[in-house]
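Hello,

Here is the structure I promised to pass on. My notes follow below it.

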Amino acid sequence: MKIISLLNEDNVLPNLNVSDKKEALERVISSLSSQVSDEELQAIRDAVFEREEIMSTGVGKGLAIPHGKTAAIDDNYAAFALLKEGIEYQAIDGEPVRMIFLLVGPQSSNRMHIKMLSRISRLMNNSAFTKKLVKADSSKKIIELFKQEEEAHFGG
């Protein structure tokens, strides 16, 4: 499964203006509302916040990869936000987070979830790519950059 297949103009949020981690997570999770029911959205919210309580998903270099699994959904969903300003996120390097990549999946698909998290991490670890992302000013541009980067890394 490709990351790009999970992104669309509803769940890619450029220039998101939020004041803290909770608000950022709420907004990113809510971007999935056109793809899932209200009950599924609440289950996703619960799973992501529960995971975040265990340990911050701020992985460093201005990036957070909040994630979770729930039996309430049968498919994988993702969302990406580029924040207008960095926010405190309890990241492992102590730096503010400016990019948030959300991944949620069904409780039953552990292997796919780990594979997708790994793929996201590998893409986002490329500083040339993240520099381009930070300059992107539209959902379309962000999606196109992910498409190009994923094809370059993992083939078309």
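Buried here means under 20% relative accessible area, exposed over 50%, and partly exposed in between, with a 1.4 Å probe and protein chains only. By that cut-off L145 is buried, because its relative accessible area is 5%.

Two notes on the source. This is a predicted model, in which local features need pLDDT of at least 70 and side-chain atom pairs count only at pLDDT 80 or more, while totals for chains, interfaces and linings use all residues. Residues are numbered from 1 along each chain as its sequence is written, and side-chain values use heavy atoms, with hydrogens and water left out.

L145 first. L145 sits in helix α5 (helices are DSSP runs of H or I with at least four residues, strands runs of E with at least two, numbered from the N terminus). Leaving aside neighbours within four places in sequence, L145 is in contact (heavy atoms within 4.5 Å) with F129, K132, L133 and A136. I4 is 141 residues away along the chain, yet the C-alpha atoms of I4 and L145 are separated by 9.7 Å.

Next, helix α3. Its buried residues are H113, M116, L117, R119, I120, L123 and M124.

Helix α1 covers residues 21-30, with K21, A24, L25, V28 and I29 buried. These residues are on the same side of α1, because their arc around the axis is only 125 degrees. Among the elements covering them are β1, α2, β5 and β6.

In α2, the buried residues are L41, A43, I44, R45, A47, V48 and E52. Their cover includes α1, β4 and β6.

Finally, the largest pocket. Its volume is about 170 Å³. On a 1 Å grid over the protein atoms alone, a pocket is an open set of points where a 1.4 Å probe fits, with protein on both sides within 12 Å along at least five of seven lines; lining residues have an atom within 4 Å of a point. The lining includes V59, K61, M99, S121 and T130. β2, α3 and α4 each give two or more residues to that lining.

Regards

Definitions and conventions
Grid points are joined across faces, edges and corners, and a volume is the space filled by probe spheres set on the points. The arc is that of the directions from the helix axis to the C-beta atoms.
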